Structures are given as structure tokens and as C-alpha cells.
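Please consult the sequence and the coordinates alongside the text.

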Amino acid sequence: MSVLKVMIIDDEPLMRITVQDALINEGYQVTSAETGKKGLSLFKENPVDILITDLRLPDQDGLHILKEIRTIHPETQVIIITAYGSIDSAVTAMKEGASDYLTKPFSMDELLLVIRRLLRMKQLEEENVLLRERIEERFGLEGLVGKSPQMQKIYDLIETVSQTDATVLIQGESGTGKEMVANAIHFKSLRKNGPFVKVNCSALPETLLESELFGHEKGAFTGAIKQRKGRFEMADGGTLFLDEIGELSPGVQVKLLRVLQERKFERVGGNETLSVNVRLICATQKDLKEEIQRGDFREDLYYRLNVVPIQLPPLRERREDILLLADHFLEKFSRKMGKEITGLSQEAKTLLLKYPFPGNIRELENMLERAIALLKGKVIQAGDLPEEVCENTMPIQTLCEKIQASRPLATAVSLFEKEYIQSVLEKTKGKKGQAAELLGISRKTLWEKIKELEIEI
Ligand SMILES: Nc1ncnc2c1ncn2[C@@H]1O[C@H](COP(=O)(O)OP(=O)(O)OP(=O)(O)O)[C@@H](O)[C@H]1O
Ligand SMILES: [Mg+2]
């Protein structure tokens, strides 16, 4: 542990010197200030682990300092010094978040005892965090949260595939965690100390993408003023992650196929044949089989990429992970924004559990980040969630009126589907054969819809 930093703010010189000497003797690094203003400005420059302040200072109230410290640096523990007989103010200070208090006059032994107790508590807290992390590891992998059976299968696949060099194709809707899985595979693999290089194939036009992937020689095209290494070369000895692979143009598809077959390529405008040792992971939100049928994706390339397929389930198909993920993001953002948030109200939880999440985990993450940023209280209420989540349980008429409002198509469609099927089932008094006929779908499809959309009969 690094040297503990302590600051004392007190207007009495004797008190400052006594405390300073005693603590320096114990091996702490100590600063002191005689006024609140000076103390705070010193603190802002160089925050300390423990701050000891008198409640009554010539220029400021110690409580004010306490509140200020709690907002700018909540980890700092504040010890309040109160005058003999003013127990009320000590109580107020503790309520405002002081860690402990001392009543004047006190001995240095008492002070040291208080500090040691605080340190012990901090240590316990840290141990607690470590333990929690270990539990999270058992839930997930490399920061992946979720313990649904579908995710457990994904973790197993990641474990297995990371021990090989096989090409992996990750497919899944937008926001399901494709990039996170690619990260996990690389950092679990033997290549973890090698480079992990990412390319977003949809971000660049064909010619630029080609030179991005394979590099170019000086003068290969206008603007190629010097030789440049491509991402394949940069990833040598490591992993190359090609995101949005479904967007590759036919020309680049051919080149990629050759690299996969022969492990060889040339820089754009170059003659030298290069070969690299790269593990390839690809991801797409498109259905590549459909792309093949449409003639937009090469079948031979597909089979080369799809050596190990990983299909990430949409969030609505693993609802048991919704609240787990919500808790995870709640903790992440409240820590980041320095807010104290205890959780979600029951109503908010119910709404989240019913919402179809067309944007999957990213949508959940974004809505919680926004809710936490704007939150005044300590609990996220239903009203803090976006409109589409709140309206999800609305009756069909209101829904249709509202449907004119802008919302993702997938949400509108699945909301409508659910409400509509429900109303047909009501008409047929729950008779599924009849309802399926009216809806023009098979009984099997109806069953699947009932399950998927969580329709209550
Ligand atoms: N299992 C998970 N546990 C915790 N956070 C997750 C998990 N899966 C995804 N996330 C988070 O959700 C967000 C979206 O994940 P990611 O970028 O990996 O998705 P994606 O499938 O690549 O999305 P897109 O198709 O839109 O590129 C990220 O912020 C990521 O941190
Ligand atoms: Mg992505």
C-alpha cells in the first residue's frame, strides 16, 4: 500500500503541530491548513485519504468542508473534531457522511485508534470488492454479465475456442455484445500478449478499406505518399477483428478469401508477397446465409469464416439477464458519475422485464446511463425510463395512436404483434386453433409467438 495521505484543518497552531507530528511519526504523509478555504484549495490540488477538520473554523463551517469533500472526492474519509459537549453537531456530521468524530480534548492515541479503525474498514471494503469480482467471474467472463443458459453456452464456447487458432464468426443483432465476445476470445487466448487489431468494414469505402487491411506501397494511388502497413501486418502474432463483415464489397471479399486460403497477400500496388500469423475473428449483424442467397456474399468465403460460429441471442430471449445487466450498469454509471443510487423501483423492473429491447444490451445500457445522469433521487422510477419502455404495456388503441410517434420499427412491430395476437385470442376465448386460423399462421408459429412475446392467455 502506498503512503497514506492525511490533512488536518484547524486554526489552533498547537493542535495542528501535535497532530502533524504524531501522524508523521506513524509514517503518514501529512499536510495542514489553518482555514477552510486554504484547506479546500490544497485538497483540490492534492486529495488525501483522510481529512481531519475542526467543526468550527474562523472562515467556514466544518460541515461545509465535509459536504464539499463528499462531492468532489467521495473516497476520502473525513474525521470531525467537535468541542466538548456538542454531541448534536457530531451527530449531524455523521449523518452528512463523516466517517468518525473526536471530542476535544483528545489524546493522540485516540486519534490513531480512529484512523486505524477507518483503515481496517477500508481494507475490508476492498476485500469485499475483490470477492464480488470473483463472484462476477463465476457468472461471466472478461466482464460479460449474464447467467442465462444461453450465455453459459457462449462462455463455454469462448473458453474452448480461445485455446485454438480457428477463425470465429460472431453473429447477432445490434448491441448483443459481439465486440465484447471478440475481446474475450483474444484476451483468453495464447495470443493475449500479441496485438488485438480491429477494423470496422462498414466505415470505409472499398479502395480505402483494401489499403487499410493490406497496406499500400508508396505511389499505389493518389495520396499514397509513403508505404503503409495494413492491419493484417499490424496484427501479426495476434488477433484481427473484422467487424461488420457483411458489408464487404465483392472485390475485398475475393482478397480476404485468398488470405484465408493461402495466408498470403500483397500490399496495394506492391509485388512482394507477405505472409502473417494472424487469428481472425469476424462479426456481423446481418444474416450471411440470406446475403449469400441474394448474391451479396460469397459462399466460399462464408465457409472459410464460419469455422466456429457463435450466435449471440437477443436480450428478449434471455430475460433472466435483464435485471442482472441493469444492476451491472447501475453500479457502473453511478460509480462513474459519483451518485449514490440504490436501485430500480419494482414498477421500473417490471417494465424492463416486459420490454422487447430491439437495441439489446446497448439500448439497456444507454437508457440507464441517461436515467442515472438525470436522476435526482436514489431510486430509478418507471418515469425515468424512456417513453417506449413505459408505453410498452399500453392497450392497442392508445398504442396505435402513439405508433405515429417516432420509434424503432422493430419495437413498434413487436408491440403491435403482441397486442394484436392477444386481442384475437380474447375473441376466440383462448382457442388457439381458431386464433391461428384467423391470424393465418400455423399453430406451431402461434405457440412460438406466445412464448416469445410472453402473451398471457
Ligand atoms: N454480456 C454483457 N455484459 C455486460 N455488458 C455487455 C454485454 N454485452 C454487451 N455489453 C455492452 O453492451 C454494449 C454493446 O456491446 P457490443 O459493442 O459488444 O455489441 P455489438 O454486438 O458489437 O453491437 P453492434 O452490432 O451495434 O456493433 C457495449 O457497451 C458493451 O459493453
Ligand atoms: Mg459491434
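In helix α8, which spans residues 206-214, the buried residues are Leu209, Glu210, Ser211, Glu212, Leu213 and Phe214; buried means under 20% relative accessible area, exposed over 50%, and partly exposed in between, with a 1.4 Å probe and protein chains only. Helices (H or I, at least four residues) and strands (E, at least two) are DSSP runs numbered from the N terminus. Gly215 follows α8 and has a positive phi, near 85 degrees.

The model is predicted: local features need pLDDT of at least 70, side-chain atom pairs count only at pLDDT 80 or more, and totals for chains, interfaces and linings use all residues. Residues are numbered from 1 along each chain as its sequence is written, chains are lettered from A and ligands numbered from 1 in the order in which they are written, and side-chain values use heavy atoms, with hydrogens and water left out.

**Ligand 1**

- Ligand 1 is surrounded by 16 residues, of which the closest are Val145, Gly175, Lys178, Arg362 and Glu365; a residue is near a molecule if one of its heavy atoms lies within 4 Å of it.
- A polar side-chain atom of Lys178 is 2.6 Å from an oxygen atom of ligand 1.
- A backbone N or O atom of Gly177 is 3.1 Å from an oxygen atom of ligand 1, and a side-chain N or O atom of Ser174 is 3.2 Å from an oxygen atom of ligand 1.
- On its own, ligand 1 has 630 Å² of accessible area, and the protein covers 87% of it; the areas come from the Shrake-Rupley method with a 1.4 Å probe.
- Two or more residues of the shell around ligand 1 come from each of α7 (178-188), α13 (322-337) and α15 (360-374).

**Asp54**

- Asp54 belongs to strand β3, residues 50-54, and is buried, with a relative accessible area of 5%.
- The side chains of Asp54 and Lys104 form a polar contact of 3.0 Å, that is, a pair of N or O atoms within 3.5 Å, one able to donate a hydrogen and the other to accept it; residues adjacent in sequence count only if both atoms are side-chain atoms.
- Leaving aside residues up to four places away in sequence, Asp54 touches Ile9, Asp10, Asp11, Gly62, Ile81 and Lys104, where contact means heavy atoms within 4.5 Å.

**Pro74**

- Pro74 lies in the loop between α3 (62-72) and β4 (77-82) and is partly exposed, with a relative accessible area of 36%.
- Pro74 and Leu111 are 37 residues apart along the chain, and their C-alpha atoms are separated by 21 Å.
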